[in-house]
Amino acid sequence: QVQLVESGGGLVQAGGSLRLSCVASGRTGTSYAMGWFRQAPGEEREFVAAVGVTRFTTGRTNYADSVKGRFTISRDNAKSTLFLQMNSLKPEDTAVYFCAARPSFGDYYRDYARPGKYDYWGQGTQVTVSS
């Protein structure tokens, strides 16, 4: 079992920045995938960013087109924490942001943007960007 707890959400003006954190506890192993998704009211959950890790890689990162160049996913293995640095925020970034994980690399390049391919989810943290 893996438990995920997000934090760092809040209210920010357009153009501002926030950094989300996701602390993972439990067994993730040496090969895994973790991601950030978001869901706005009345919308489906959508992919934001992901990282895939194996023993042989330093981590592969992928981003949704809508956040490329503005958001950065990173991790601190020593603290079992995943981050999402969000810069140049826009009102359309307003959503509940969720951290997700699965304890295998698997077919990462096929599955990293698919919510159904992640086994564990956090409770979400609200991000609101005012115009």
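The model is predicted, so I noted the limits: local features need pLDDT of at least 70, side-chain atom pairs count only at pLDDT 80 or more, and totals for chains, interfaces and linings use all residues. Residues are numbered from 1 along each chain as its sequence is written, and side-chain values use heavy atoms, with hydrogens and water left out.

**Entry: Phe-98.** I placed Phe-98 in strand E9, residues 95–102 (strands are DSSP runs of E, at least two residues; helices are runs of H or I, at least four; both are numbered from the N terminus). I then listed what Phe-98 touches beyond four places in sequence; among them are Glu-6, Trp-36, Phe-37, Arg-45 and Trp-121 (contact means heavy atoms within 4.5 Å). I also checked Phe-98 against Gln-1: they are 97 residues apart in sequence and 17 Å apart in space, C-alpha to C-alpha.

**Entry: Arg-38.** Is Arg-38 buried or exposed? I found Arg-38 buried, at 5% relative accessibility. Arg-38 belongs to strand E4, residues 32–39. Its side chain makes a polar contact with the side chain of Glu-46 at 2.6 Å and another with the side chain of Asp-93 at 2.9 Å. For the term I used a pair of N or O atoms within 3.5 Å; within protein, one must be able to donate a hydrogen and the other to accept it, and residues adjacent in sequence count only if both atoms are side-chain atoms. Leaving aside neighbours within four places in sequence, the contacts of Arg-38 include Val-48, Ser-66, Phe-71 and Tyr-97.

**Entry: aromatic rings.** I counted ten aromatic pairs (rings of Phe, Tyr and Trp, the last by its six-membered ring, pair if their centres lie within 6.5 Å; planes under 30 degrees apart are stacked, over 60 edge-to-face, the rest tilted). Phe-105 and Tyr-109 are an edge-to-face pair because their planes stand at 75 degrees, with centres 6.1 Å apart. Phe-105 is buried at 17%, while Tyr-109 is partly exposed at 48%. I found one aromatic cluster that includes Phe-98, Phe-105, Tyr-109, Tyr-118 and Trp-121.

**Entry: charges over rings.** I found the charged end of Arg-19 over the ring of Phe-83, 4.1 Å from its centre. The charged end of Arg-102 sits over the ring of Tyr-118, 5.8 Å from its centre. The rule asks for NZ of Lys or CZ of Arg within 6 Å of the ring centre and within 35 degrees of the ring normal.

**Entry: positive phi.** Most residues other than glycine have a negative phi. I noted Ser-80, with a positive phi of about 50 degrees, in the loop between strands E7 and E8. Ser-80 is partly exposed, at 36%. I noted Ser-88 too, with phi near 50 degrees, in the loop between E8 and E9. Ser-88 is partly exposed, at 42%.

**Entry: whole chain.** I read one helix and eleven strands. Of the 131 residues, 44% count as buried. The C-alpha atoms fill a box of roughly 45 × 25 × 25 Å along the principal axes. Of the contacts with a separation of 6 or more, 59% join residues 24 or more positions apart.

Conventions: Buried means under 20% relative accessible area, exposed over 50%, partly exposed in between (1.4 Å probe, protein chains only).
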